[in-house]
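Subject: Structure handover

Hello,

I am passing on the structure below, followed by notes on what was found in it. Please read them with the model open beside you.

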Amino acid sequence: MTKHRDVKTTVKENVSLLVAALGVFIVGLTATLMSAETARTLLFIAGIVLLALGGFKVYQYFARKAARAVAGWGLATGAGLILFGLVMTFSGERLIDFLPLLFGALMLAGGVIKFQISFDLKQMGWQPWFYVLIAAGVSILFGWIAAYRPFGGENQSIVVSGVFLMVEAVSDGVSLFLFREKKKGVAGGK
């Protein structure tokens with residue numbers, strides 16, 4: 001029973017990580033294909049949607065009976081959504097300036113995670129662990145470059161950051177696959 005549960009947990013973790021890598025790839029692809037003006041428009045639309053969802057959550061909270069409302073986070077969730085909606089709707093320009101920094105932070109975090117994975121692979125005796133270490137270094141370098149924004153205008157920074165995110169996502173997927181294969185070999189006694 002324990003082994004079956006471990007397998008289910010591992011599958012869920014792998015699927016979650018692959019979905020996250022795919023999401024990062026899609027964000028990167030989107031960033032490379034859209035202009036800053038398109039991003040502003042999308043942020044405005046997303047802000048309106050968040051305002052509506054937040055308003056609905058607040059309405060649901062007050063429309064519920066007191067006993068049911070106490071157990072939920074409807075008011076806090078609604079207020080948070082409204083706050084994010086207001087920021088996205090009325091401060092889109094500032095958010096556009098913030099995107100490369102956010103993308104850079106994501107890549108730096110991914111690089112640190114891959115750095116740890118590379119040493120985990122080394123401790124398990126996997127000889128090409130160094131490739132994952134190199135991928136970690138590239139992620140950290142790309143993250144720093146994206147956050148630093150040496151490219152000039154906002155369009156260039158967003159596009160370059162998007163390309164870096166796509167490379168990061170592919171690197172994450174490959175690292176996850178290699179790590180998973182090595183874990184299988186260790187579990188199987190190889």
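The protein has 190 residues, of which 31% count as buried. Please keep in mind that this is a predicted model.

Overall layout

There are 7 helices and 0 strands, so the order of elements from the N terminus reads α-α-α-α-α-α-α. Among contacts between residues at least 6 apart in sequence, 77% join residues at least 24 apart. The protein exposes about 11,900 Å², and carbon and sulfur atoms supply 72% of that area.

Nonpolar cores

The largest nonpolar core has 17 residues. Within this core, the residues with the most contacts are I96, L99, F103, M107, I158 and F164. Helices α2, α5 (92-123), α6 (129-148) and α7 (154-187) each supply at least two of the core residues. Another core lies apart from this one and has 6 residues, including I117, L121, W126 and V132. In soluble globular proteins, nonpolar side chains tend to be buried together.

Once neighbours within four places in sequence are left aside, I96 is in contact with A36, A39, R40, L43, E154 and I158.

Nonpolar surface

L42, F44, I45, I48, V49 and L53 make a nonpolar patch of about 520 Å². One of them, I45, sits in helix α2, which covers residues 36-63. The relative accessibility of I45 is 47%, so this residue counts as partly exposed.

T32 belongs to helix α1 (residues 2-33). Its relative accessible area is 19%, and because the cut-off for buried is under 20%, T32 counts as buried. A polar atom of the T32 side chain lies 2.7 Å from the backbone oxygen of L29. Beyond its neighbours within four places in sequence, T32 is in contact with V159, G162, V163 and M166.

G111 is in helix α5 and is buried, at 0% relative accessibility. Leaving aside neighbours within four places in sequence, G111 is in contact with A136, S139, I140 and E168.

Salt bridges

How many salt bridges does the structure hold? There are 2 salt bridges.

One of them pairs E168 with K114, and the closest N and O atoms are 3.0 Å apart. E168 lies in helix α7 and K114 in helix α5, so this pair ties together parts of the chain that are 54 residues apart in sequence. Both E168 and K114 are buried.

K114 also forms a salt bridge with D172, where the closest N and O atoms are 2.5 Å apart. This pair again links distant parts of the chain, with K114 in helix α5 and D172 in helix α7, 58 residues apart.

Are K114 and D172 buried or partly exposed? K114 counts as buried, because its relative accessibility is 1%. D172 has a relative accessible area of 23% and is therefore partly exposed. Through shared partners, the salt bridges join K114, E168 and D172 into one network.

Regards

Methods: Residues numbered from 1 in each chain as written. Predicted model: local features only at pLDDT ≥ 70, side-chain atom pairs only at ≥ 80, totals over all residues. Heavy atoms only, no water. Helix = DSSP H or I, 4+ residues; strand = E, 2+ residues; numbered from the N terminus. Buried < 20%, exposed > 50% of the residue type's maximum accessible area, 1.4 Å probe, protein only. Contact = heavy atoms within 4.5 Å. Areas by Shrake-Rupley, 256 points an atom, 1.4 Å probe, with all protein chains shown as cover. Patch = residues over 30% accessible without salt bridge, like charges linked within 9 Å, V, L, I, M, F, W, Y side chains within 5 Å. Salt bridge = Lys/Arg side-chain N within 4 Å of Asp/Glu carboxyl O. Core = buried A, V, L, I, M, F, W, Y, C linked by side-chain atoms within 4.5 Å. Polar contact = N/O pair within 3.5 Å; in protein donor to acceptor, adjacent residues only side chain to side chain.
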